[in-house]
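Please walk me through this structure in plain steps. I would like to see how its parts are joined.

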Amino acid sequence: PLSPLRHPHPNPPPSRGRGLTGRGIGGREIRGRGIRGRERREWEIVPVDLFRVDFINVVRPTGGDGSIGPWPDPLIPQRDFSNGERRRAFPVDVALNHTQPIWVEVCVPINVPAARYTGVVHLRAKAKPIAEVPISLLVRAFAIPATSSIAMAFGFSALSASRGHRGAITSALLAPLTRAYAKDALAHRLSLFGGTQSAPEWRFDGHDARIDWTAHDAEVAPFLDGTALANGARWTAVDLRAPVKFDSDAARAAFFRAYAAHYRARGWLARLFYFPQDEPPPVAASALRQTRARVHQADPALRMLVTASATNPFNGVADIWVPLINCFHPNDTGCAQRLARSAYDALEKSGAALWWYQSCASHGCDGGRKSSSWPSYAIDRAGTFARIMGWLDFNERVAGELYYDVVYSYDNNDPWQNVNSFGGNGDGTLYYPGTPERFGGTTDFPVESQRLKNIRDGLEDFEYLKLCAARHTTRAQSVLRTVVRSPWEWEADPRILLQAREQLAACIESE
């Protein structure tokens, strides 16, 4: 059933998936060529990707809800997405009385007709068939946009990535690693900010800033213009990278003015943000207010992002407010700047944007055992703790989500052995370093995590909610209420969430 069949399109569209054939468990063959279906008397092949699920040994639990032991998270691809190289995912030896999960991913090209498709994953041991795993796929009669409907700004440092892959900063690796990770993240609906960490080359001539945009644009343009992926997905946010120091206020103003002019000319300005300081203390509020005034003086359209709540003394410091998710709870001690969601309505009407972020405050930053129902990107939490963020984004009407890093542990640990940071396993680390020495091929590549897939699925749920609400607002809200009531009150049972997604799909397809 998985043998190549004629595609009804003369030039099949590229997609996230690929038709694959590889060696399997303990010398068993795993074939994942594609799922077939029949529509208008013509065959359609839907590509399938196969991953070997690897495990991380958790020795310290995350908060009060995590647990020690082996946890499934890294996904070793048969063929990596970023560089397209075949990797050593299979064969794999399985010890007696142990199991080896295989992650099967189907990403449907946009012009595949709506229909029921079927396929089989074949397992062989020493050329002898041992099992056939049937797959049934229902392709719906609608599509979600390739680009996320909300801003998803996740931090990345090529310097950290280089340390994780090679043990040191290797200049020649910074650009290819930045592109590989950014490409993979965009396929999961995320925009990475930080990149190579380099401000563009520039000089000040006493009046204007002369900036060489060549290297900068080579890094960001494919992702802002929608040419990095075949489906046209674009970054929803990008950071303004300024030099660490300026010689004068005039030089600073000229640099920001030239930056805004260039981004305006390229059509990127609406997605640009300036992020001067993460989690500023109250004593920094006055300086931040002055910085914002200087930024606006250079160009009023530039937006400054501040990770703080719109409370005293931070009034007037931000164009993009990014409070901690815990700050929406009236009594949570994880935030000293608690403020209700409704308090941001007036700010949004005046042109400000509301994003939010989650952190170790959800599980206890000091490694203490804090039982919590807050969402989390930790390894030793149920997958719904990551996926629920898309539902919460919709429920709280936030315009974006910030996350501080996707490769944090690359700097301090071997992520394959330890990704515990700030009391959480996987906090700030959503990838693992893939190297040719470990997995074959010729290039370094990002190894995806199950948590990354859950985040992506939650963002797709967001698109389902949005499409349903555009047709039947009351119906969308009714389905939403079965899953979410507040950022700290939601259903962790995946069966309830998946049932709600099916109801949303039916809503979208209804008249």
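A disulfide joins Cys468 to Cys507, with 2.1 Å from S to S. A disulfide here is a pair of cysteine sulfur atoms within 2.5 Å. The torsion about this S-S bond is 95°, and the link of Cys468 and Cys507 is right-handed. This pair links distant parts of the chain: Cys468 lies in helix α9 and Cys507 in helix α11 (residues 494–509), 39 residues apart. Helices (H or I, at least four residues) and strands (E, at least two) are DSSP runs, numbered from the N terminus. Cys468 is buried, at 0% relative accessible area. Cys507 is buried too, at 0%. Buried means under 20% relative accessible area, exposed means over 50%, and partly exposed is in between (1.4 Å probe, protein chains only).

A word on the source. This is a predicted model: local features need pLDDT of at least 70, side-chain atom pairs count only at pLDDT 80 or more, and totals for chains, interfaces and linings use all residues. Residues are numbered from 1 along each chain as its sequence is written, and side-chain values use heavy atoms, with hydrogens and water left out.

How many disulfides does a search of the whole structure find? It finds three. Cys327 and Cys335 form one of them, with 1.8 Å from S to S. Its torsion is 85°, and the link is right-handed. Cys327 is buried at 4%. Cys335 is buried at 4%. Cys360 and Cys365 form another, their sulfur atoms 1.9 Å apart. The torsion about that S-S bond is about 90°, so this disulfide is right-handed. Is Cys365 buried or partly exposed? Cys365 is partly exposed, at 36%, while Cys360 is buried, at 10%. Number the bonded cysteines in sequence order, and the pairing reads 1-2, 3-4, 5-6.

Now turn to the sheet. Five strands form an open sheet, in the order β7-β5-β6-β23-β22, with antiparallel pairing. Two strands pair if DSSP finds at least two bridges between them. The edge strands are β7 (102–105) and β22 (432–434), and each pairs on one side only. From one strand to the next, the twist averages 40°. Helix α9 (residues 450–471) packs on this sheet. The helix touches β5, β6 (69–77), β7, β22 and β23 (445–449). Contact means heavy atoms within 4.5 Å. The direction of α9 makes about 70° with that of β23. Axes are lines fitted to C-alpha atoms, for helices over the stretch in contact, and angles run from 0 to 180 degrees between N-to-C directions.

Four bridges join β5 (residues 49–58) to β7, and the two run antiparallel. Asp49 has Glu105 in β7 as its bridge partner.
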